[in-house]
Amino acid sequence: MVSDLFYRSLFDTMPAAASIVVDGVIVLANAACLQILGATQSDQIIGHLVTEFIHPLDLNRSLTRLNKTGSDWANAPSQFRLRDVHGEMKMLLSSSTPIRYQEQDAILVTGMDMTAHAEMAEQLRLSEMNFRRLFENMQDVYYRTDAKGVVQMVGPGVRNVLGYEPAEIAGKTAESYYPQAADRDAMKKAIMEDGKVADFPGQMVRKDGRVIDISITSRAIYDDAGVFAGIEGIYRDVTQRKMMERELQRLATTDPLTNIANRRSFLEQAEHIFKSTQRYHDSITLLMLDLDLFKAINDKYGHLGGDKVLTRFAQTVALELRDSDVFGRLGGEEFCVLLQHASQEEAMTVAERIRTRVQELDFEDPDGALFKLTVSIGVTTNFEGDERLAKLLERADKALYTAKHSGRNKVVWFS
Ligand SMILES: Nc1nc2c(ncn2[C@@H]2O[C@H](COP(=O)(O)OP(=O)(O)OP(=O)(O)O)[C@@H](O)[C@H]2O)c(=O)[nH]1
């Protein structure tokens with residue numbers, strides 16, 4: 001026979017809180033029960049109504065469980081908020097069952113202190129909620145693929161950026177909306193080499209077919225064995241930014257009046273071509289063009305009239321050039337053309353054609369009267385020993401000077 005003493009000692013030392021309640025009053029409580037209720041002496045608990053320690057918000061639920069009659073019931077574990085003797089809130093995972101105690105109907109209430117667990121769960125819930133909020137509202141698109149490039153997860157940002165529902169994309173490879181094979185391969189290569197990419201440029205096609213510029217920041221993910229398991233990262237729509245960048249680039253390199261390359265842009269492009277010409281022992285030709293007696297046109301038809309002439313002149317010259325030629329306005333009424341892979345004869349033919357086309361133009365003044373324009377052109381090519389583009393510019397300028405001083409409306413080859 002196991003003695004009452006044994007059971008009493010078991011009751012007192014068990015780690016779970018346990019108490020016996022008779023008619024709603026706590027008649028017995030073990031050490032763990034005193035501890036969870038913050039009591040140092042048993043009389044802080046014994047003799048008190050059990051409801052004194054139950055949080056008002058959980059009181060009804062608790063009474064429903066404790067006020068059952070009969071001996072054939074048991075309340076499954078459920079969480080309750082308690083208020084300990086100091087008024088501090090605790091969380092108890094409690095179950096209860098009817099027993100006979102000292103020949104009376106009583107209830108054995110047992111419980112585990114879940115306060116720390118509940119706090120952790122609350123922290124977790126809050127951080128999950130914050131994360132969700134961030135994830136749902138993120139303008140960028142979060143994505144994760146497996147090693148084969150199949151999308152495992154994609155954030156709701158994809159609705160805005162690509163016009164797809166996340167479910168339409170998950171389970172598919174990126175091919176359908178990331179069609180530039182070259183972009184994709186370049187990004188994969190960079191990720192495989194460096195493990196990550198930041199602000200990697202590319203383009204994607206939206207569900208409505210519109211192509212957008214994107215920027216991708218991603219990294220490779222590896223499984224526990226260190227084997228490549230896919231890619232994870234974000235991409236964002238940078239179409240607006242790219243458009244602005246292109247516009248800024250255009251403004252910085254274009255002459256606003258004539259819409260051709262400005263001085264800086266022309267010289268940069270020409271310098272670049274000059275250097276590669278030197279490397280490959282190729283030939284280039286430089287045409288320096290200067291409108292004849294333009295001051296008189298300005299004086300007669302005003303600055304705006306002069307501007308119209310400059311614009312039409314630039315359009316006329318551009319029509320005579322190939323895509324590989326570079327045409328720019330050096331300033332005022334001085335222009336420059338750089339021809340690639342042209343012989344002296346071909347270059348002179350182009351220059352002569354430009355001169356003739358300009359001469360053929362008819363301009364109309366505000367009164368409807370017609371007037372003419374001519375242009376003088378100095379031409380040169382690259383010589384052995386030319387170290388800088390400036391040498392060609394100097395020679396073309398000299399040839400132009402000769403053209404001007406031999407009657408204008410002429411093409412002169414530097415010799
Ligand atoms: N309308 C207009 N005129 C300009 C612009 N830039 C320079 N000019 C004018 O171009 C004229 C150039 O005159 P000059 O350098 O004396 O030469 P020119 O009259 O063309 O005579 P030659 O070159 O000797 O044939 C000046 O009157 C400048 O004011 C411009 O952007 N718009």
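The model is predicted, so local features need pLDDT of at least 70 and side-chain atom pairs count only at pLDDT 80 or more, while totals for chains, interfaces and linings use all residues. Residues are numbered from 1 along each chain as its sequence is written.

**Around the ligand**

- The ligand is surrounded by 16 residues, the closest being Asp292, Phe294, Lys295, Gly306 and Gly332, where a residue is near a molecule if its C-beta atom, placed from the backbone, lies within 6 Å of it.
- Strand E11 (284-291) and helix H10 (294-319) each supply at least two residues of this shell, with helices (H or I, at least four residues) and strands (E, at least two) being DSSP runs numbered from the N terminus.
- H10 provides the largest share of the shell, seven residues.
- By residue type, the shell holds five nonpolar, four polar and seven charged residues, where Ala, Val, Leu, Ile, Met, Phe, Trp, Tyr, Cys and Pro count as nonpolar, Asp, Glu, Lys and Arg as charged, and the others, Gly among them, as polar.

**Residues with a positive phi**

- Most residues other than glycine have a negative phi.
- Aspartate 23, although not a glycine, has a positive phi of about 50°, and this aspartate is found in the loop between strand E1 (17-22) and strand E2 (25-29).
- Aspartate 23 counts as exposed because it has 11 C-beta neighbours inside 10 Å, given that a residue is exposed with 12 or fewer other C-beta atoms within 10 Å of its own, buried with 20 or more, and partly exposed in between, with C-beta atoms placed from the backbone.
- Asparagine 409, which is not a glycine, has a positive phi of about 50° and lies in the loop between helix H12 (389-405) and strand E17 (411-413).
- With 19 other C-beta atoms within 10 Å, asparagine 409 is partly exposed.
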